[in-house]
Amino acid sequence: MQWVFSFYYRLTRLPTVDISLCICDTNSSSIMNYYWMIGMNERLLRQLCALGFTEYEARVYLALLQNNAATGYQLGKASGVPRSMVYEALGRLAQRGAILTLPEDSKGVRYAPLPPHELVAQMRRQFETTVAGLVTDLAALAVPALPAQI
């Protein structure tokens with residue numbers, strides 16, 4: 001037996017997702033897969049924000065991963081980020097090295113994501129370099145403690 005589901009779902013901080021007339025069997029896991037994907041996107045969004053991305057940067061990067069190469073307009077629609085803010089987020093992502101700007105074609109300037117493994121490796125190298133410099137600088141700043149003061 002088939003059921004017809006028509007509903008709108010709004011998850012906090014993510015764009016409205018419209019599933020209209022989703023036809024599936026009662027034994028099907030389509031609805032479960034949908035909810036799993038929403039949870040996955042929310043988790044990825046939180047993780048990217050914890051690594052220094054703004055919410056808009058994280059949403060645009062995730063949308064870009066799902067669409068591969070896209071224009072700013074397409075990314076605004078896919079991510080739910082206001083169009084005026086999409087280009088700002090794209091600029092910051094480009095400075096960060098998380099996306100590539102493709103040569104302009106008939107659709108305009110398009111953007112492609114840096115593959116996730118490369119982005120993570122790049123972020124890891126930057127973090128390790130920063131920590132190594134911090135250790136050196138803090139050690140140089142610290143006054144050595146005398147045994148009597150310990």
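This is a predicted model: local features need pLDDT of at least 70, side-chain atom pairs count only at pLDDT 80 or more; totals for chains, interfaces and linings use all residues.
1. **The Glu88–Arg92 pair.** These two side chains form a salt bridge, with the closest N and O atoms 2.7 Å apart. Both sit in helix α4, and because they are 4 residues apart there, about one helical turn separates them. Glu88 is partly exposed at 42% relative accessible area, and Arg92 is partly exposed too, at 26%.

2. Arg96 meets Glu57 in another salt bridge, at 3.1 Å from N to O. With Arg96 in α4 and Glu57 in α2, this pair ties together parts that are 39 residues apart in sequence. Take a look at the burial here: Glu57 is buried, with a relative accessible area of 2%, while Arg96 is partly exposed at 23%.

3. **How α2 and α4 pack.** The axes of α2 (residues 55–67) and α4 (residues 83–96) come within 9 Å and cross at roughly 85°. Angles of 65 to 115 degrees count as roughly perpendicular, so that is the label for this pair of helices. On the α2 side the contact is made by Tyr56, Glu57, Val60 and Tyr61; α4 brings Met85, Ala89, Leu90, Arg92, Leu93 and Arg96.

4. **The other salt bridges.** The count for the model comes to 6. One of them joins Asp105 and Arg110, whose closest N and O atoms are 3.5 Å apart. Asp105 is partly exposed at 36%, as is Arg110 at 22%.

5. **Around β3.** Thr71 lies in strand β3 (residues 70–71). Thr71 is buried, with a relative accessible area of 10%. Setting aside neighbours within four places in sequence, its contacts are Lys107, Val109, Arg110 and Tyr111. Arg110 is also the salt-bridge partner of Asp105.

6. **A nonpolar patch outside.** Phe127, Val131 and Val135 make a nonpolar surface patch of about 290 Å². Val135 belongs to helix α5 (residues 116–141) and counts as exposed, at 54% relative accessibility.

7. **The overall picture.** There are 5 helices and 5 strands, running β-β-α-α-β-α-α-β-β-α from the N terminus. Of the 150 residues, 27% count as buried. The accessible surface is about 10,300 Å², with 59% belonging to carbon and sulfur atoms. Among contacts between residues at least 6 apart in sequence, 48% join residues at least 24 apart.

Terms used
Residues are numbered from 1 along each chain as its sequence is written. Side-chain values use heavy atoms; hydrogens and water are left out. Patches are made of residues with over 30% relative accessible area and no salt bridge: like charges are joined within 9 Å, nonpolar side chains (Val, Leu, Ile, Met, Phe, Trp, Tyr) within 5 Å. Accessible areas come from the Shrake-Rupley method with a 1.4 Å probe; for residues, only the protein chains shown count as cover. A salt bridge is a side-chain nitrogen of Lys or Arg within 4 Å of a carboxyl oxygen of Asp or Glu. Helices (H or I, at least four residues) and strands (E, at least two) are DSSP runs, numbered from the N terminus. Buried means under 20% relative accessible area, exposed over 50%, partly exposed in between (1.4 Å probe, protein chains only). Axes are lines fitted to C-alpha atoms, for helices over the stretch in contact, and angles run from 0 to 180 degrees between N-to-C directions. Angles under 35 degrees count as roughly parallel, over 145 as roughly antiparallel, 65 to 115 as roughly perpendicular and the rest as oblique. Contact means heavy atoms within 4.5 Å.
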